[in-house]
Amino acid sequence: MNERLPSRWLLTAMLVPVATLVADELVVESTLVQPVPDDSGNSSALVEFVVPSSGDPVVTTGVRLSLRLEHPWVGDLRVTLRPPDGSTELVMLDRPGLVPAGFPGPFGCGGDDLDVVFDDSASASAQDTCSLVASPVLAGPLRPLQALQSLSGIDPEGSWSLTVTDLQPGDSGQLIGASLLVEFEIDCDQDGLPDECTCPGDLDGDRVVGGADLSGLLSQWNGTGEADLDANGVVDGADLAILISAWGSCR
Amino acid sequence: MSCTITLAILPCLLQVHDVVPKDVNAPPGDITAGHVVLPGPEQSATSSVTALLPAREIDRFVPGSGKSAVVLIAKDPELWDFSIGAGSQPLASSERLLDLSGMTQSASARALRLLEPSDGLTSMPIQAKAPDEELAGWLLVADGCEDVRLTTHFGTRHHAPGRPVVLHARMEGAHSARGTMVLGSPSGDSFEHPLHPDGAGGLIGVFSPDEAGDWTVRSIVESVDHRGVGRVRTTQQLLRSLPESAAPSGSVTASQQTDGRIEFRVPLAVLPASDLAAPRRVALAFEVWATDASGRQVPVCWVSRIHELPAEGGAQHASLRADPRWFSLAGADPKSIELRELRIHDTRGFVLLAHEPRPDCIPVGSFELPSPPSAVVPSMHAGAAPERIAGASRASSMRAGSPDGGHVLLLSHGYCTDQFPFRTNDFSGDFVLYEEYGQNLSNDEFALRFESLGRSHKSMGIVGHSQAGHAATHLYTFYWSALDWATGPRKIQGVGVPWLGTALAGNAAVLGEVFGIGCGEVYDLTYDGSTSWLSFIPSWVRQETWYWTTSFEDGWFYDYCQIVTDLLLSDPDDGTVEQYAGQLAGANNEGHKTGWCHTRLMRDPPQCRDAERNVLMNQEAAR
């Protein structure tokens with residue numbers, strides 16, 4: 001049996017994103033600095049996170065987004081994350097502190113900067129956190145405005161889009177860095193739910209039943225071992241038939 | 001640099017229910033320094049070296065070596081037969097006709113000033129004959145003997161209807177012969193009461209205001225100076241008598257909230273509102289004391305908050321909160337909490353409604369204190385900014401209410417003006433003007449105007465003239481607003497601000513009874529009103545405040561800004577604010593400059609037209 005659950009990729013946006021597969025994590029890192037133009041309308045800071053194909057059918061089980069921004073009035077900002085399937089744009093932050101009257105007021109939270117991890121399990125809400133004295137005003141783990149949990153079940157492979165937009169005149173800033181953390185599990189039957197894959201004959205665990213597996217079986221012929229696919233105590237013709245019938249990529 | 005001027009147009013009815021009051025905390029040093037201690041009423045006494053009397057009540061005076069003048073205040077004074085000196089040969093004098101529209105509705109002034117000093121012994125007749133005997137006229141007489149001074153004050157700051165008020169009067173430089181106080185009730189009636197010797201060289205009088213509202217109190221004291229010459233002095237004061245709309249009704253409880261703050265619940269007995277049109281707001285405050293590790297009672301902090309009274313009255317409670325770090329810093333045990341000097345003031349003039357020197361306080365539950373910070377941090381001053389205000393719905397798609405909503409400097413005029421005082425050419429960048437001419441607002445109402453204006457902007461610094469200085473500091477003390485978000489060297493800058501009040505407020509009220517008052521009585525600017533209000537302004541607000549005073553250029557003859565007001569104020573003054581009363585302890589005094597007066601139509605140019613100062617204020621302003 002091939003056990004690879006759970007798995008995790010860590011991707012960090014870069015000027016030229018580079019994916020590195022390290023054990024169970026995929027890391028993309030960047031030193032990208034992008035302007036967040038003042039009251040930009042359609043012009044926003046945009047980061048693309050590219051999650052490469054792992055070769056296996058996988059499903060997203062959790063997402064966290066880290067973001068570092070310099071901006072003198074975080075109440076101007078709207079931050080969204082769009083997953084690769086393009087289906088749903090999730091709003092992480094939308095002019096935090098914005099109330100029609102009172103405090104912080106109709107222009108939102110006036111604090112400086114943001115160094116936050118959007119995380120559904122955080123105790124405080126990013127939208128409601130504001131302080132006159134804290135800097136960065138939004139810091140540490142904070143709940144996003146729309147739960148990242150709603151991304152569970154999608155295929156993480158492809159391009160994720162992070163957008164930071166300034167919606168109010170008067171202040172501008174810059175995006176210093178961002179990273180996306182996707183938790184995923186194998187979804188062999190591709191029903192959007194994690195499951196365990198069985199792939200009889202894949203003796204070397206490369207998710208392909210091929211010549212190497214056949215060689216492995218033959219090397220154990222009339223003996224015992226993992227090539228005893230029908231578990232009758234001996235590697236024989238019945239095991240060979242199982243391997244041949246599964247020939248090719250695992251599903 | 002772009003320059004934006006926005007003129008503020010304010011709604012007639014200001015909705016104030018959605019403002020967010022601060023949990024005001026002040027360090028224990030503010031208690032020991034007296035910043036947040038209500039001074040005794042003698043500390044805001046009114047003094048005078050002149051007499052203001054109906055023209056029919058005075059027909060001569062004895063001028064001395066100082067500033068001697070007689071001013072006729074009347075409607076169309078130029079039509080009066082008015083002179084000083086012996087009938088056919090009036091004494092040489094300088095005559096001026098003066099506008100008094102800032103003080104009265106219909107009166108002007110005609111001033112006669114002696115050109116030469118006199119010997120202080122020779123009696124001089126005053127002729128003041130009206131063209132029509134029905135016409136009222138008042139004389140303001142300065143006899144130039146400035147060492148003879150009348151000082152009056154009330155015996156208490158607690159002036160509820162039915163509660164007796166004691167008036168103390170003392171004459172310096174002369175022996176008091178007799179005195180009278182003349183009271184003007186809010187409904188226009190007049191009462192006269194004698195003043196009696198108090199056994200200590202002064203005079204005392206008692207009256208009981210039986211009607212709520214503003215009373216005028218004229219004290220008239222006749223005396224004999226050391227040369228045997230009779231001298232008359234008067235003071236004119238305003239007394240605001242308000243029902244005790246809220247009073248403590250039991251023990252205060254203290255408990256720790258989930259966020260760590262210490263909440264004090266003050267039970268209140270609230271009278272139903274008699275006037276449903278206006279929201280009633282009171283300011284509560286008390287000192288927090290507790291026992292430290294050595295068993296000594298030590299001041300922990302001072303706590304205050306604005307509280308709105310429900311119209312229906314009844315049993316209520318007010319919640320005030322203290323940061324637990326004050327206890328940590330003081331090394332004090334919250335279980336030993338003792339409250340002192342619980343005060344409730346009506347925000348209309350900061351009239352004292354209730355005072356308990358040692359209210360009962362019961363600690364409830366357990367208390368867990370954080371580690372003491374190394375120093376006081378700003379978040380201890382006004383609590384954590386609330387995440388949301390009650391009833392406010394989130395409006396994520398809402399855009400700003402103004403075209404820019406940027407970071408601005410608010411320039412404001414003061415009480416009762418008809419022109420904008422600052423020369424806007426001296427200011428650059430984004431600024432807005434508060435313009436509401438002819439207004440008469442309490443400091444609280446004025447501050448809420450600023451709060452409302454601030455909602456159109458992300459952040460806002462304030463440069464204010466005169467009472468606008470009060471309003472700015474009041475806003476920063478009591479309410480969350482765009483002013484809190486302003487960044488830069490100076491949040492609040494004030495020019496010609498009567499921090500300690502002005503005698504003109506009382507005098508204008510007295511003259512207003514006769515001639516109609518210009519913009520209405522403004523109790524907040526009396527010595528009593530300002531002093532009471534100032535006892536709520538903590539050091540951290542004062543430290544964010546920069547101010548300037550000015551006065552007339554002291555020439556050989558024109559040693560005043562406005563001759564009428566000069567006779568009612570102590571020199572040096574700017575025509576409205578005495579230099580001493582323009583001081584704000586604990587704030588940043590940017591100095592005193594001569595050659596500039598409070599407003600236009602005075603001897604020297606108006607202080608807000610000083611380009612040098614304006615450019616500096618613009619440069620240093622937080623926005």
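Predicted model: local features only at pLDDT ≥ 70, side-chain atom pairs only at ≥ 80, totals over all residues.
1. Chain B first. It has 623 residues, and 59% of them count as buried. Its secondary structure comes to ten helices and 34 strands. If you look at contacts between residues at least 6 apart in sequence, 75% of them join residues at least 24 apart. The accessible surface of chain B is about 23500 Å², and carbon and sulfur atoms account for 50% of that.

2. Now the cysteines. Over all chains, the count is three disulfides. Within chain B, if you number the bonded cysteines in sequence order, the pairing reads 1-2, 3-4.

3. In chain A, look for A:Cys109 and A:Cys130, which form a disulfide with their sulfur atoms 2.2 Å apart. The torsion about this S-S bond is about 90°, so the link is right-handed. A:Cys109 sits in the loop between strand 8 (90-94) and strand 9 (114-118) of chain A, while A:Cys130 sits in the loop between strand 9 and strand 10 (138-142), so the bond ties together parts 21 residues apart in sequence. Both A:Cys109 and A:Cys130 are buried.

4. Over in chain B, B:Cys416 is joined to B:Cys519, with an S to S distance of 1.9 Å. This link is right-handed, with 65° about the S-S bond. What does it tie together? B:Cys416 belongs to the loop between strand 29 (407-412) and strand 30 (430-434) of chain B, and B:Cys519 to the loop between helix 6 (504-515) and helix 7 (527-534), so the pair connects parts that are 103 residues apart in sequence. B:Cys416 counts as buried because its relative accessibility is 17%, under the 20% cut-off. B:Cys519 is buried too, with a relative accessible area of 17%.

5. The other chain B pair is B:Cys561 and B:Cys597, whose sulfur atoms are 2.0 Å apart in a disulfide. Is this link left-handed or right-handed? With -85° about the S-S bond, the link of B:Cys561 and B:Cys597 is left-handed. The pair links distant parts of the chain, 36 residues apart: B:Cys561 is in the loop between strand 33 (545-551) and helix 9 (563-568), and B:Cys597 is in the loop between strand 34 (588-594) and helix 10 (611-620). B:Cys561 is buried at a relative accessible area of 2%, and B:Cys597 is buried at 0%.

6. B:Cys145 is buried, with a relative accessible area of 11%, and B:Cys301 is buried at 0%.

Definitions and conventions
Residues numbered from 1 in each chain as written. Chains lettered and ligands numbered in written order. Heavy atoms only, no water. Helix = DSSP H or I, 4+ residues; strand = E, 2+ residues; numbered from the N terminus. Buried < 20%, exposed > 50% of the residue type's maximum accessible area, 1.4 Å probe, protein only. Contact = heavy atoms within 4.5 Å. Areas by Shrake-Rupley, 256 points an atom, 1.4 Å probe, with all protein chains shown as cover. Disulfide = S-S within 2.5 Å.
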